[in-house]
Amino acid sequence: MAKAKKFYSCLNCGAMSTTWSGKCTACGQWNTLVEQEETADFSPTSTKQAELVAIKDIKSDSLKRLKTGIKEFDRVLGGDDPGLVTGSVVLVAGAPGVGKSTMLLQVASHVPDAVYFSAEESLEQLRLRANRLGLAKSDLRLSSERGLSNILASVYREKPPLVVVDSIQTIFDDTLPGTPGSIVQVREACWRLQKFAKETGTTMLIVGHVTKEGMIAGPKVLEHLVDVVLYLEGEKRTGLRILRAEKNRYGSTEEVGIWQLLAAGLKSVEDPGQLFAELITDNLPGRALSVTVEGTRSFIVEIQTLIAKTAFGYPKRASQGVDLNRLNLILAVLENRLNVNLSSYDVYLNVVGGFTLKDTGVDLAVAAAILSGLTKKPINKKTIFVGEIGLLGEVRSAIDRTRREKEAERLGYDISKNIKSLDQLSAAFKK
């Protein structure tokens, strides 16, 4: 018999080491190395061979999508082919209080025979939430069970098309070490739920907590095990909620779903362009408009900047809605190419409505808002800025410019078409 070889693996990232240490050298987590054994004999122990099938012989007709009836939710999951893929595992994450449980309770209530397991709330508390959402007469079945084995046994018996687990950090398996929410418990619970979904064709919606840094709590393998990772984000002050797909094995990750959080729950926003247009402020210095593209949708957004004299030797930069590194790059280009003195000013930037922009086509609007705030000259409130700024100060055409122009025209705005460089943009503020 081959002699067993001992090694240590990290429960958080899976890195292996020949010696134990208190801190994993790969991910930096403490007390995550556990001892395991590996045999040196790699000869097969099973006489059963794996079945191999050619791609052309695989039938995909059985892979169907489960429509939830909520258009915004289905769009994020599939785009042109909306809905939940049967047997898939979807992880929904977001900050506390952003509306994850509210959204999934509404989603589950639209699917016949769905089951909702909430380990965070009692049945009485769920009933109060259902009353507020107008779901008091729904046939949705609820449970406050926390034991993973009991949950799987119930699901195996009932065979529902959709199961919601709220949340993965609160359920536990008493055969495993650690408390609910620990790395071992979260990893094994997700693995068993994923295995069950693939074997039975049951679709799983799993709620995941996030850390204060905005990352999903638990081991990183949690995001690798699931098929889809959704993030629900928004600004509490406006009640606007945006659902994004960070990972999607069955569709695009470019689509977004937009809701308004009201007293009666989440209401889908069918025309986000009109909604964002209503949030636009008066014609004041430091603001500029742009049209962003998210998947198959385009809508107007307002970018606001505040330029203030710095009281210290090091200017402060703060950005909400635009990546801070992108803001710093645009500031550097403005200062280098236009000789604009920004090193003695604090720059604060915000995208109205709490929307997070990843579209580089709004670069020109960011630059226009900065110059407007610096010169105290307002921009025509009907002017739209669209373009990507290069390191040499050139303005490149944004992707899907035709769609942006049509959206601006639909809402009565004009896209500034004559700006090809930052020099031309700067000249407009010197008049």
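Predicted model: local features only at pLDDT ≥ 70, side-chain atom pairs only at ≥ 80, totals over all residues.
Me: Which residues of helix 3 does helix 2 meet?
Reply: Start on the helix 2 side, where S101, T102 and L105 take part in the meeting. Their partners in helix 3 are R129, A130 and R132.

Me: How many residues of helix 2 are buried?
Reply: Helix 2 covers residues 100-109. Its buried residues include K100 and Q106, along with M103, L104, L105 and V107. Helix 2 is largely enclosed by the rest of the structure, because the number of its residues that are buried is ten of the ten.

Me: What is the phi of D113 near?
Reply: Most residues other than glycine have a negative phi. D113 is a residue other than glycine with a positive value, and its phi is near 70°.

Me: Where is K376, which also has a positive phi?
Reply: The phi of K376 is near 65°, again in a residue other than glycine. K376 is exposed, with a relative accessible area of 55%. Its place is in the loop between helix 9 (363-375) and strand 19 (383-384).

Me: At what angle do the axes of helix 4 and helix 5 cross?
Reply: Two packed helices are described by the angle between their axes and the distance between the axes. For helix 4 (residues 148-158) and helix 5 (residues 183-200), the axes come within 11 Å, and the crossing angle is roughly 10°. That makes helix 4 roughly parallel to helix 5, given that angles under 35 degrees count as such.

Me: Which residues in helix 5 meet helix 4?
Reply: Helix 4 brings L148, S149, L152, V155 and Y156 to the meeting. On the helix 5 side, the residues are A189, R192, L193 and F196.

Me: Is the peptide bond from D166 to S167 cis or trans?
Reply: S167 is found in the loop between strand 9 and helix 5. Most peptide bonds are trans. For the bond from D166 to S167, omega is near 10°, and the bond is cis.

Me: Is S143 buried or exposed?
Reply: S143 is found in strand 8 (residues 141-143). It touches Y116, F117, S118 and L123, not counting residues up to four places away in sequence. Its relative accessible area is 19%, and the cut-off for buried is under 20%, so S143 is buried.

Me: How far apart in space are G412 and G97, C-alpha to C-alpha?
Reply: The place of G412 is in the loop between helix 10 (401-410) and strand 22 (414-415). At 44% relative accessibility, G412 counts as partly exposed. G412 and G97 are 315 residues apart in sequence, and in space their C-alpha atoms are apart by 36 Å.

Me: To finish with the whole protein, what share of its residues is buried?
Reply: The protein has eleven helices and 22 strands, and its C-alpha trace spans about 85 × 60 × 50 Å along the principal axes. Its accessible surface comes to about 22,300 Å², with 52% belonging to carbon and sulfur atoms. Of the 431 residues in the protein, the buried share is 48%.

Technical notes
Residues numbered from 1 in each chain as written. Heavy atoms only, no water. Helix = DSSP H or I, 4+ residues; strand = E, 2+ residues; numbered from the N terminus. Buried < 20%, exposed > 50% of the residue type's maximum accessible area, 1.4 Å probe, protein only. Areas by Shrake-Rupley, 256 points an atom, 1.4 Å probe, with all protein chains shown as cover. Axes fitted to C-alpha atoms, helices over the stretch in contact; angles between N-to-C directions. Parallel < 35°, antiparallel > 145°, perpendicular 65-115°, else oblique. Contact = heavy atoms within 4.5 Å.
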